[in-house]
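Trainee: I have a model open and would like to go through it with you. Can we start with the charged pairs?

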Amino acid sequence: MKNSIADNFCPGSGTDNPIAGLTGKSLVKIALAIGNSRLHWGLFKGRTLERTWDTEHLKTDAVSRLCEAEKAEYLVETVMRSIEQISAQNLLCLPATPAVSSPHTLSVVPPPLVLASVVPQQTAIWQSYPEVRIITLDQLPIGGLYPSLGIDRALALLGAGNQLGWPILLIDAGTALTFTGANVNRYLVGGAILPGLGLQLSSLGKKTAALPSVGLPENLPRRWATDTAGAIQSGVIYVAVAGVRDFIEDWRRLFPNSKIAVTGGDRILLLKYLTALFPDTASSVIDAPEAIFWGTVGF
């Protein structure tokens, strides 16, 4: 098994600082949204979102073996390496300068980090980052939020509403498929949660003795399948997409002038399926992959 960065981490080893050439650290901010499956990153210059990318969760067992000072430097190195990787892919143009390493200080000046997380174990790790601000529900300017509402849903709702206008219905097609809506007064109307498309498919493969694990097809499958894998895809996708349409149409009855947006890792496929089955419904749905980062602009 390949070791994680934490397994090979050497305190004080340093790394190039790809943000050091910018005019003032305060101009740069990293937003980190920790989802159920991945880490979602956004790099801001001022209030402008420059780039987004995804990485895997950190390995909690490896990080737990580090002392607090080592953990802080490891987290900074993780952020810098992640930025370096997208820079190396010509996705981001930021000048680099050598880091100064000291046994008593961090190897680089860490950029400020704003964090929203739905995974407590990952949240605990990132609390050791030197300059972190954790976003909580009580900080969001939306009325009617209930204590158990996921910060990811609320923050993405805020971002979509601020960017696209209120009222807003936000559909998140991630590990879970969620619907979250707010009215023109930025007050939560409510929502719903069900297993995401991929989770529905994988659960059948894991929880049944005879059914295979199958993935999401690139295009809408045949409704009346003639093989088991196709039947699973048909059942999950047609029922889920019909449910999405039903939620959208009901929301439109409540708020005829509302914007409707979709975010999350499976949003492109969901939109493709919705367009194939219900083109009129799909035509007004806005693709909003950066909704959660829009919500972090004021933090």
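This is a predicted model: local features need pLDDT of at least 70, side-chain atom pairs count only at pLDDT 80 or more; totals for chains, interfaces and linings use all residues.

Trainee: How far apart are glutamate 249 and arginine 252 along helix H6?
Mentor: They are three residues apart in helix H6, so about one helical turn separates them.

Trainee: How many salt bridges does the structure hold?
Mentor: Six. Another one joins arginine 38 to aspartate 54, with the closest N and O atoms 3.2 Å apart.

Trainee: Which parts does that pair tie together?
Mentor: Arginine 38 is in the loop between strand E1 (28-34) and strand E2 (39-45), while aspartate 54 is in strand E3 (residues 48-55), so the bridge ties together parts 16 residues apart in sequence. Arginine 38 is partly exposed at 30% relative accessibility, and aspartate 54 is partly exposed at 38%.

Trainee: What about glutamate 218, what does it pair with?
Mentor: Lysine 272, where the closest N and O atoms are 4.0 Å apart. Glutamate 218 sits in the loop between helix H5 (197-207) and helix H6 (228-254), and lysine 272 sits in helix H7 (residues 267-277), so this pair ties together parts that are 54 residues apart in sequence. Glutamate 218 counts as exposed at 53% relative accessibility, whereas lysine 272 is partly exposed at 34%.

Trainee: Why would such side chains pair at all?
Mentor: Opposite charges can pair when the charged atoms come close.

Trainee: Change of topic: helix H4. How many residues does it have, and what does it reach from end to end?
Mentor: H4 covers residues 151-164, which is 14 residues, and reaches 19 Å from its first C-alpha to its last. That is close to the 20 Å expected at 1.5 Å a residue.

Trainee: Is H4 mostly covered or mostly open?
Mentor: Mostly covered, with 10 of its 14 residues buried. Among them are Ile151, Arg153, Leu155, Leu157 and Leu158, along with Gly159 and Gly161.

Trainee: What comes just after H4?
Mentor: Glycine 165, which takes a positive phi of about 115°.

Trainee: Last one, the whole chain. What does the secondary structure come to?
Mentor: Nine helices and 10 strands. Of the 299 residues, 45% count as buried. The chain exposes about 14700 Å², and carbon and sulfur atoms supply 53% of that.

Trainee: And the contacts between residues at least 6 apart in sequence?
Mentor: Of those, 60% join residues at least 24 apart.

Definitions and conventions
Residues are numbered from 1 along each chain as its sequence is written. Side-chain values use heavy atoms; hydrogens and water are left out. Helices (H or I, at least four residues) and strands (E, at least two) are DSSP runs, numbered from the N terminus. The expected span of a helix is 1.5 Å times one less than its number of residues. Buried means under 20% relative accessible area, exposed over 50%, partly exposed in between (1.4 Å probe, protein chains only). Contact means heavy atoms within 4.5 Å. Accessible areas come from the Shrake-Rupley method with a 1.4 Å probe; for residues, only the protein chains shown count as cover. A salt bridge is a side-chain nitrogen of Lys or Arg within 4 Å of a carboxyl oxygen of Asp or Glu.
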